[in-house]
Amino acid sequence: MSGFLLGGLPSGLWIGRARGVDLRTAGSRNIGATNAYRVLGARWGILVFVLDAAKGFLAARAPLLIARIDGMAVSSDALLTAALCAGVAAIVGHMFSPWLGFRGGRGVATSLGVFLAIIPVPTLLVFGLWTLLVLLSRRVSVGSIGAALAYPALVFFFLRHDPHRVLLASIGGAVSLLVILRHKANIERLLAGTEPPLGRGGGARPARPEPRAGGTP
């Protein structure tokens with residue numbers, strides 16, 4: 001439950017309000033890093049992305065930190081299970097925030113934080129792929145969808161000697177599927193050739209409203 005509540009914290013909404021803008025009424029009207037980038041500027045969009053990733057990382061690391069503080073002798077299998085449960089709860093909390101009437105984001109940044117805490121190598125590699133796709137296409141949605149499609153395979157390949165390989169690849173695949181489903185509107189716009197590139201509408205003033213996408217990165 002705590003992971004769900006932590007994941008639901010609306011970083012973008014708070015940053016926007018601090019800058020005098022309600023991101024729910026500006027640009028694409030979502031509170032994620034992409035809209036913050038377009039409406040508030042690059043540094044604020046990056047800050048929202050980092051904060052959303054940080055809450056996922058903290059949720060997944062919390063079971064280990066609690067065990068160390070309390071001096072509990074907990075098996076590695078139990079810690080991994082607890083980290084996965086807390087991490088997935090944070091991702092779901094971000095997608096369906098209890099602080100915003102169970103509406104939220106697409107879960108990309110929070111998922112990055114969660115899996116960076118649990119399986120850093122394939123997660124860093126998929127973040128590199130995400131970055132490359134965004135730079136080439138100038139569309140965050142292309143990077144997010146491409147990274148989500150590739151992630152389960154990267155986990156399965158790079159953890160081939162890990163006894164939890166199948167479990168981690170399965171969880172990674174389930175989260176990737178959720179992320180792709182949250183990009184349904186983006187996929188439709190990509191197919192129609194109407195998905196706006198990164199940077200359109202950027203700056204300190206609210207951008208021209210676009211059709212509601214229903215989430216954040």
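A salt bridge is a side-chain nitrogen of Lys or Arg within 4 Å of a carboxyl oxygen of Asp or Glu. With that in hand, we can walk through this chain. It is a predicted model, in which local features need pLDDT of at least 70 and side-chain atom pairs count only at pLDDT 80 or more, while totals for chains, interfaces and linings use all residues. Residues are numbered from 1 along each chain as its sequence is written, and side-chain values use heavy atoms, with hydrogens and water left out.

Let us begin with the overall plan. The secondary structure comes to ten helices and zero strands; here helices (H or I, at least four residues) and strands (E, at least two) are DSSP runs, numbered from the N terminus. Read from the N terminus on, the elements run α-α-α-α-α-α-α-α-α-α. The chain has 217 residues, and 47% of them count as buried. "Buried" means under 20% relative accessible area, "exposed" means over 50%, and "partly exposed" is in between (1.4 Å probe, protein chains only).

Now back to the salt bridges. By the rule above, the count comes to four. One of them joins Arg-189 and Glu-195, whose closest N and O atoms are 2.7 Å apart. Are these two partners buried or exposed? Arg-189 counts as buried because its relative accessibility is 16%, and Glu-195 counts as buried because its value is 8%.

Another salt bridge links the side chains of Lys-55 and Asp-52, at 3.4 Å from N to O. These residues are three apart in helix 4, so about one helical turn separates them. Lys-55 is buried, at 6% relative accessibility, and Asp-52 is buried too, at 2%.

Glu-188 and Lys-184 form a further salt bridge, with their closest N and O atoms 2.7 Å apart. Both lie in helix 10 (residues 184–192), four residues apart, which is about one turn of the helix.

Next, look for empty space. Rolling a probe the size of a water molecule over the atoms shows where empty space is left. The search uses a 1 Å grid over the protein atoms alone: a cavity is a set of points where a 1.4 Å probe fits but cannot get out, a pocket is an open set with protein on both sides within 12 Å along at least five of seven lines, and lining residues have an atom within 4 Å of a point. Grid points are joined across faces, edges and corners, and a volume is the space filled by probe spheres set on the points.

The largest pocket holds about 280 Å³ of space. It is lined by 15 residues, and Tyr-37, Ile-46, Trp-130, Val-140 and Leu-198 lie nearest its centre. Which helix gives the largest share of this lining? That is helix 7, with five residues; helix 3 (33–40) and helix 4 (42–70) each supply at least two. By class, the lining has twelve nonpolar, three polar and no charged residues. For this sorting, Ala, Val, Leu, Ile, Met, Phe, Trp, Tyr, Cys and Pro count as nonpolar, Asp, Glu, Lys and Arg as charged, and the others, Gly among them, as polar.

The whole structure also has three cavities of 30 Å³ or more, and about 230 Å³ of space lies in the largest cavity. Of the 17 residues lining that cavity, Val-108, Ser-111, Leu-112, Val-126 and Ala-147 are the closest to its centre. Helix 6 (108–118), helix 7, helix 8 and helix 9 (165–182) each give at least two residues to the lining. Its make-up is twelve nonpolar, five polar and no charged residues.

Helix 8 also holds Ile-145, which is buried, with a relative accessible area of 13%. The C-alpha atoms of Ile-145 and Asn-186 are separated by 9.4 Å, although the two residues are 41 residues apart along the chain.

Val-121, Leu-125, Phe-157 and Phe-158 make a nonpolar surface patch of about 370 Å². Patches are made of residues with over 30% relative accessible area and no salt bridge, with like charges joined within 9 Å and nonpolar side chains (Val, Leu, Ile, Met, Phe, Trp, Tyr) within 5 Å; accessible areas come from the Shrake-Rupley method with a 1.4 Å probe, and for residues only the protein chains shown count as cover. Helix 7 (120–137) and helix 8 (140–158) each supply at least two residues of the patch. Phe-157 sits in helix 8 and is partly exposed, with a relative accessible area of 47%.
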